[in-house]
Every structure is written in structure tokens, then in C-alpha cells.
2 protein chains.
Amino acid sequence: MGLVVQKYGGSSVADAEGIKRVAKRIVEAKKNGHQVVVVVSAMGDTTDELIDLAEQVSPMPAGREFDMLLTAGERISMALLAMAIKNLGHEAQSFTGSQAGVITDSVHNKARIIDVTPGRIQDSVDQGNIAIVAGFQGVSQDKKDITTLGRGGSDTTAVALAAALNAEVCEIYTDVDGVFTADPRVVKKAKKIDWISFEDMLELASSGSKVLLHRCVEYARRYNIPIHVRSSFSGLQGTWVSSEPIEQGDKKVEQAIISGVAHDTSEAKVTVVGVPDKPGEAAAIFRTIADAEINIDMVVQNVSAASTGLTDISFTLPKTEGRKAIDALERNKSGIGFDSLRYDDQIGKISLVGAGMKTNPGVTAAFFEALSGASVNIELISTSEIRISVVTRADDVPEAVRAVHTAFGLDSDSDEAVVYGGTGR
Amino acid sequence: MGLVVQKYGGSSVADAEGIKRVAKRIVEAKKNGHQVVVVVSAMGDTTDELIDLAEQVSPMPAGREFDMLLTAGERISMALLAMAIKNLGHEAQSFTGSQAGVITDSVHNKARIIDVTPGRIQDSVDQGNIAIVAGFQGVSQDKKDITTLGRGGSDTTAVALAAALNAEVCEIYTDVDGVFTADPRVVKKAKKIDWISFEDMLELASSGSKVLLHRCVEYARRYNIPIHVRSSFSGLQGTWVSSEPIEQGDKKVEQAIISGVAHDTSEAKVTVVGVPDKPGEAAAIFRTIADAEINIDMVVQNVSAASTGLTDISFTLPKTEGRKAIDALERNKSGIGFDSLRYDDQIGKISLVGAGMKTNPGVTAAFFEALSGASVNIELISTSEIRISVVTRADDVPEAVRAVHTAFGLDSDSDEAVVYGGTGR
């Protein structure tokens, strides 16, 4: 039996009862013969409460101090968790990100891990302790300042520690049973996925699935650390994310043709109207956006109207960046040369993800047929090798997701594989 | 202008408003040309809330984890304070005890500072920052574990940093105006002391005065760091504690004959009845108490009754240790040889403190005359070179303190020095 890294999110340790329940679960893994390293987030609402305090003293809290403040949250949860484990008769020690050797760059509030030197953690587990590590935090390599990793940072801490400690698996405990074929709040018949490849999980994560963040999956893929996403409230198997299909009992879980349907209503669409259809125009627009440090998602250029020599260019971006993008383009209007800007935040994106697309002709056709059958109008399309995404009206998203989910045989009452006719995608 | 260390207690930073008020005060000192290092405690009730959480998950929290938990409190207050200062347009950086170089032994929950290596703090202030340091915490020399310094630990942090940084003064900001000639809740006419020597302050602290703890004053005396105890709510001068009288305006503050009257009702009295009056008996009793790790205060042995050859030995100790002492003595009853034990927790101690006692005859007589005039019965007496203490009934303490305070001319409506007649003390 090797070393296991377990990560528990804030909802799993929201109060003293939650901490005691999680402690029991951790002790089980130890009793089963594993070395156990636990990464824990701040309790429930702690982080929000600390942010609220910060806003009371300063409208624009400095990054370094904000990180110092927020990291108090995990310090509380990890110490309490270690106490709860010791109270069950097992040895436990808690460690800050810094003590655990989580070395980051100096970008406060969204630092990136650049090295993990887990000597103290390895020593602690070798001595028979359960090691509890604060998620979401590290120490900067150059200035030795406390940093935080940004949203979903505790998952990344867990995967990075699992990689550095050569763990068998990184278990991500959460308040859902795993990764589903669609958001169960939208699609009642969504099914838990038993296994999904790193590649498909990366596409789902970047298409709106919230269970695992892209950065964490990317880290696991690079170091080939299997992730097991599961509920801290049940004993059920969750979703395995790894390079090769897992074996469950005597049957091997097969690669699904389609892994799932993701949706995202957090984006807006900007249309630059009346752009001269000549070389360098798109470059001028997207250089302006890039200089404003805005990440964009999809891009579409309309066919130019021959009569005017003008075209329209549309792109999508997070709604939170909309104001900044419009301002940047307006400031640069004469330099770029365009007539006007249109901003639309009533859009949604639906994405179909599955490596099987590569070898199964007709997936694209079936996807559009399903959308058409649900009378959903398509505004933009973009594809990767294993994903098709469309932009629709935001109101159409739930119906569109359900229609696609059913069409591809993903509903929980549908056991049949769907056969695609037609030629290619 | 040199470097100033300021310490703010939990009541001064109880909420966002308090933090903003303190931030303004700190910026004032910086504007006056000082380098400023600030030591801060946890906000208001934070520590109690964390202790409450610990008790919910474990009846006997482990020391190491308890310290990890409690130190979250200062992390929150110091980060918020740094933010508030930056919001006023001044540069500030917060540092944990570990980052500030506060090195301690490994005795969790009541660690002692064994070294201070404030390189990062010195660098930070040299770069023009106000450095904010977490009080009450350090890092253990051998294991690099987080430790806490116990009650009053933030004051000790401040004095230790002031010594290591060669500060001009260590300002202890609190919710009272300074050290008084008696507890103002008991003696309405108690006066703020302008200056008091380290020696007198040490005696007051060990006799029940709560404004500064003995350990902190002892540290300041050893490194000759002047302490200025003052209110964070007013701009008034407080009490200076130093080796030499200070100058205020054009007049030098004189050494008072009597510094003040302290009282303490936190002790109990144990009487060991019927002890054989022979060598080694007292040693057996106090070895038993010492082996139980109980600190005692006063000791009195009665005159032996010639008829029986038996005597009684009484001593005082913190009420919180009473049970333990009685148990230890009972367990060792046959070894020591005594008839019975009496336990009395309805006692109080009144102490008169002042270096002037050494050279002013009649102080002792005046003290007892004052107590007698208030019809207060004396049960035990103990003295040092600059202190006289008596034990009385707890109920008599307020009246006794007031009578002594008046007799020695300490009342705020009394400007006259009192002349003592009589011969010696």
C-alpha cells in the first residue's frame, strides 16, 4: 500500500461536526495501511468572512496582505482537523503551505506552484503521522512571502503534493458524487462518469464543468497522477481521472465515445462592427485585447460583404472582463478602424466533449440535429479535436443541454450506445 | 529619531473601526519621523472563538495543533492592519512571528523566547515600510514548529523585538491610560503613575497589577528598554517604565517613595495542620508541591506549641492549582506526617510597593496602622526589600486597599508627601 493524498473542500469541513466526520474518514484510510497526506481548505464561509473584513478596512487590499489574511482560514481548519484525528487515537501533524514546501512565484492572489519540496511531509508520514497540509497557499521563491493560488487552489496543492510524494492517487473529496455527464441541476438524468481521460476532463473543465479546475487536471496529467473525485458524505466510488481506463471489479471501464455535455453562461460576446476586410485588422483588435490582459475564448469573423469591403469580428470573453474590453477597444478605435461595438451578455455556450469524436463520424451532425430539434439557434461555433462548442441565447441553454444529452445516449435511463450515421464530422 | 515598537492589544483592534483608528495612530508616529514596528494581538474575541472550536473537536487539544490554531488570530489582525495603513497611503508589510525571527523553545502554549533574529523586520523598515508583526507567537528552534507564548505574550514579543532592534521605546497601547497607584475599579481616587522603575513595576506585576505582566517587564529590565504604557483611545501620556526617571517638559519626574498598592484575590491558602516540629518537615511538604509543578507564593510557619511539639505550616498559591496541591499532599500524607489539611479560597492579598521603603523608616508601621484603622485582620505577612504584603479576608480587600492608598497620600486629591515617623520598618 502506498501513499494517498486526500483533499477536503470547505463544504466538507464547514463546522466541528464536519471536521469530526472527515477525521474518521481519514483514519479509515490510515487503518487500511496507507500513508496519508491530507490537504484541507478553509472551513465553509471563513474565506468569505475574511474577504468581508478586508473590504471593511480597505477598498483595494494589497495582494501580499490579502494573501496573509486569507491563509488564516486553512490554518484554522488544518489545526482543528489534526486535533480531531489525534482525538481518535491517531497521530497527526498540520503544516502550512510554506512548511510543506509549496514554492510559488510571487503573483499574489493567483500564484503558480513552481516547485514542491515536501521533505517535512515525507518525514512526518514516515514517522507514522497523518500529515495535514493547508491547501491554497504557498511561499514565494524569491521573497519568502506567503502566497495564495487562487480559485480551486487547494485541488492544485493536493495534486502537486501527490506528484512530489509519488502518491498512488489523489483523492478529491467534495460535496457531489463525482463528475457527471452534464450538470445535474440542469439535466436530471445526468450520470456519474466512472472514468474519464485527462484530455476529456481538461476540455470539460475549460467548457464550464466546475468539479475540477483546468489547472489542477493539467498538473495531474503532466505528472500522471490519477485523480479520484468523490463525495465526503458517502462511501461511494466517484469519478477516476487518469491516462488509462481503470479496472472496477472484473470489468474494465471503457473509454466512452462522448464523455459529457458542459455549459457555461459566464461569458459575453463582443462584436466589432464594420472592420475593413484587409490584413492586420484582426491582429490590431486582438493585440488591443491582449494588452489589456484579457483572455478571450471563441473568435469568429463573418464573411465580408463584397459591396462594402467591411466585415464583423465577434469574440467571447468572461463577463467580468467585458467592461475592460469595450473600454480598451474604444480607446483604440481610430487606430484599429471600425464603425461600432456591440456587447451581448445574454449568451451561453454548450460543449460536447469526447475523444471518441476523432474516430466516430457523424458526431457533429448529430449534435446540430439535436440542437435543431430543440429549436435552438446557433450564433457561433468552435471545435477542437475532441470538442464541439456552440454559442446560443442564454435562455436556450438548459433545453439545448438536455436535448444533446439525450441525443447522445447519456441519459441515466438510456443504456444503448448511439450509432452515428453520415460521413465524418 | 529612532525606531519605535508599538504594541496594540485585542481590545484596540476589536473590529474594522478599531483597526482603522489604530492605523491612523501608527501613521502619526511614522509621520513624526520614526521607524515604526508594530506588534498586534488577535482581534477582540477571536482567540476565545478559536478555543471554543478546538473544544468542539477535541476535549484535550494537542499543544502543537492548538498553537497552530491560535496563531491564525494574529495573522488576521496583522494583515488587516497592514491593509488599513496602506489605505492611508503608507507602505506596510505584515510578518508572522516566524518571519520576524521570534525563536522560542518547544514548550507549546507557553513557549519562552530564546532568541530574536529580526533581519527581515530591519530590512522592511529600512526600506521605508511600517512592519506589522504578529504578537504572541514564534517558531521553535529545534523543530521549526509554530509556538505561542502564553498569556500576555504579545507584550513580550514587543519588548523582545524592541531589544533586538535597539528601539528607543516600546509603547504598549491598551484600553487604560497607564499604570495606576491602585486598581481604579476599587480605588476611585487612584492616580495614573507618570514614571515607575522596573523594580517597582516588577513587584506590582507579581502582586496582582494586571496592566503589564512580570515576564514582559523582566525582559525590558534585562535589555534596558523603556516601556510606555498608554491608551490607544486617547492621545495622553501614559506610564513610563524604565531604569531612570524621565523628564517631562522642564521638570524631572521624581522617584516616588511609594509607587502603589496592588491587590490579588486569585490565590487560596493551604494550611498543613499538625506537622512535627523537626528538621526536614517543611522540605518534605514543599518538595511534594514542587514535584506537582505548582508555584507557591507566601509561606508562614506558626510558632510551635511547646506542649505538643506540633506546628502548622500555611502557604498561598493560585486557586486554579488548589485541587492539585491538596491531592498531592493527601497522596503523600504518611511520608510527610501531618494531621490534616485546611483549604481556604476566601482570602485576598494587599501589597504596598515602593523602592522608597528602603530609606524611609516607618512605612511598615504606617501600613499596619492603616489596616488596623480600617479594622482589617491580618492573617499572613511577607516582605521584600521594596514590598510589604499581607493576606486578609477576601471581603476586606477593597476597604483595605482604599485605606492604605489614602494613608500613603496616593489619592488624587492629595498632593502632599506623607512623612513617616517611627524607627525603621
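How many residues does the contact take from chain B and how many from chain A?

**View 1. The contact between chain B and chain A in the predicted model.** The contact takes 28 residues from chain B and 28 residues from chain A. On the side of chain B that touches chain A, at least two residues each come from α1 (16-31), α2, α3, α4 (72-87) and β3 (92-95), and α4(B) gives the most, with 10 residues. Sorted by class, the residues on this side of chain B comprise 17 nonpolar, six polar and five charged. For the complex, the predictor gives an ipTM of 0.82 together with a pTM of 0.85.

**View 2. The crossing of helices α2 and α3 in chain B.** Helix α2 (residues 46-57) of chain B and helix α3 (residues 63-70) of chain B have axes that come within 10 Å and cross at roughly 140 degrees, which makes α2(B) oblique to α3(B), and the crossing is right-handed. From α2(B), the residues B:Thr47, B:Leu50 and B:Ala54 meet B:Phe66, B:Leu69 and B:Leu70 of α3(B). By class, five residues in this contact of α2(B) with α3(B) are nonpolar and one is polar, with no charged residues.

**View 3. Confidence along chain A, with residues 419-425 in close-up.** The pLDDT of chain A averages 92, and 96% of the residues score at least 70. Over residues 419-425 of chain A, however, the pLDDT is below 50, although this stretch has 17 contacts in the model beyond near neighbours in sequence.

Definitions and conventions: Residues numbered from 1 in each chain as written. Chains lettered and ligands numbered in written order. Predicted model: local features only at pLDDT ≥ 70, side-chain atom pairs only at ≥ 80, totals over all residues. Axes fitted to C-alpha atoms, helices over the stretch in contact; angles between N-to-C directions. Helix = DSSP H or I, 4+ residues; strand = E, 2+ residues; numbered from the N terminus. Parallel < 35°, antiparallel > 145°, perpendicular 65-115°, else oblique. Left-handed = near helix turned anticlockwise from the far one by under 90°. Contact = placed C-beta atoms within 7 Å. Nonpolar A, V, L, I, M, F, W, Y, C, P; charged D, E, K, R; others polar. pLDDT = per-residue confidence, 0-100.
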